[in-house]
Amino acid sequence: MIAYDDDEPVGWAAVHPRADTSFATNRKIPHVDDQAVWSLWCVRVRPGRRKQGISHQLVAGAVEFARSHGAPAVEAYPVDNRGQKVDLTMAYVGTKRLFEAAGFVQAAETTSVLNGFPRVLMRLRLR
């Protein structure tokens with residue numbers, strides 16, 4: 001997904017069937033079940049364009065894209081930073097709070113850590 005302001009790209013999100021991503025074989029990110037879920041693993045907003053709700057719009061667009069392609073659920077693997085500042089070079093996975101705002105719920109713990117914060121598996125059921 002790409003977010004535009006007029007003709008200028010201001011952000012993007014990566015979403016794809018989990019089976020076709022590195023998360024399909026990642027030992028640190030568990031499989032909750034055998035559903036053909038999609039993974040939303042990266043949300044980026046350009047510097048100078050942050051704090052404008054673009055990441056929320058990107059997550060919503062990625063969810064709708066997955067839904068329109070028959071995904072039963074979408075997973076994300078954000079950091080649980082508990083409100084603490086995340087280094088912007090590591091913020092591409094998103095935060096637990098971002099995904100909670102979009103209706104995702106924590107489905108599992110992971111053994112993955114990014115920028116000193118634990119990553120969690122968040123899931124949004126679509127059907």
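# Pairings in a predicted model

User: In which helix do E64 and R67 both lie?
Analyst: E64 and R67 are three residues apart, about one turn of the helix. The model is a predicted one. The element that holds both E64 and R67 is helix α1.

User: How far apart are the closest N and O atoms of E64 and R67?
Analyst: E64 counts as partly exposed because its relative accessibility is 43%. R67 is also partly exposed, at 39% relative accessibility. The two form a salt bridge, and their closest N and O atoms are separated by 3.2 Å.

User: Is R123 buried or exposed?
Analyst: Buried means under 20% relative accessible area. D33 has 24% and is therefore partly exposed. R123 has a relative accessible area of 6%, so R123 is buried.

User: In which loop does the salt-bridge partner of E8 lie?
Analyst: E8 forms a salt bridge with R46, with 3.2 Å between the closest N and O atoms. E8 lies in strand β2, and the pair ties together parts that are 38 residues apart in sequence. E8 is partly exposed at 34% relative accessibility, and R46 is partly exposed at 40%. R46 lies in the loop between β3 and α1.

User: What is the geometry of the pair made by the rings of W38 and F65?
Analyst: The structure holds two aromatic pairs. In one of them, the rings of W38 and F65 have centres 5.9 Å apart and planes at 70°. Planes over 60 degrees apart count as edge-to-face. The pair of W38 and F65 is therefore edge-to-face.

User: How many residues apart are W38 and F65?
Analyst: W38 is buried at 9% relative accessibility, and F65 is partly exposed at 33%. W38 is in strand β3 and F65 in helix α1, so the pair links distant parts of the chain, with a separation of 27 residues.

User: What is the relative accessibility of F99, whose ring pairs with that of F104?
Analyst: The rings of F99 and F104 have centres 5.1 Å apart and planes at 75°, so this pair is edge-to-face. F104 is buried, with a relative accessible area of 2%. F99 counts as buried because its relative accessibility is 0%.

User: What handedness does the unit of β3, helix α1 and β4 have?
Analyst: β3 and β4 run parallel and are joined by three bridges. L40 stands opposite A76 in β4. With helix α1 (residues 54-68), the two strands make a β-α-β unit that is right-handed.

User: Which residues of strand β4 point the other way from A73 and E75?
Analyst: In a regular strand the side chains alternate between the two faces of the sheet. Strand β4 spans residues 73-76, and the four residues named for it are all buried. A73 and E75 point one way, and the other way point V74 and A76.

User: Which residue in β6 stands opposite V74?
Analyst: β4 and β6 pair in the antiparallel sense, over four bridges. Within β6, the residue opposite V74 is L124.

User: Which residue in the hairpin of β5 and β6 takes a positive phi?
Analyst: Strands β5 (residues 105-114) and β6 (residues 117-125) run antiparallel and are joined by six bridges. V113 stands opposite P118 in β6. The hairpin has two residues between the strands, and a positive phi near 60° is taken by N115.

User: What separation do the C-alpha atoms of D20 and W38 have?
Analyst: D20 is in the loop between β2 (8-17) and β3 (38-45). At 57% relative accessibility, D20 is therefore exposed. D20 and W38 are 18 residues apart along the chain, and their C-alpha atoms are separated by 9.1 Å.

User: What is the area of the nonpolar surface patch to which Y4 belongs?
Analyst: Y4 is in strand β1 (residues 2-5). Together with I2 and W12, Y4 makes a nonpolar surface patch of about 350 Å².

Methods:
Residues are numbered from 1 along each chain as its sequence is written. This is a predicted model: local features need pLDDT of at least 70, side-chain atom pairs count only at pLDDT 80 or more; totals for chains, interfaces and linings use all residues. Side-chain values use heavy atoms; hydrogens and water are left out. Patches are made of residues with over 30% relative accessible area and no salt bridge: like charges are joined within 9 Å, nonpolar side chains (Val, Leu, Ile, Met, Phe, Trp, Tyr) within 5 Å. Accessible areas come from the Shrake-Rupley method with a 1.4 Å probe; for residues, only the protein chains shown count as cover. A salt bridge is a side-chain nitrogen of Lys or Arg within 4 Å of a carboxyl oxygen of Asp or Glu. Buried means under 20% relative accessible area, exposed over 50%, partly exposed in between (1.4 Å probe, protein chains only). Two strands pair if DSSP finds at least two bridges between them. A crossover is right-handed if, with the strands pointing away from the viewer, the path from the first strand over the helix to the second runs clockwise. Rings of Phe, Tyr and Trp (its six-membered ring) pair if their centres lie within 6.5 Å; planes under 30 degrees apart count as stacked, over 60 as edge-to-face and the rest as tilted.
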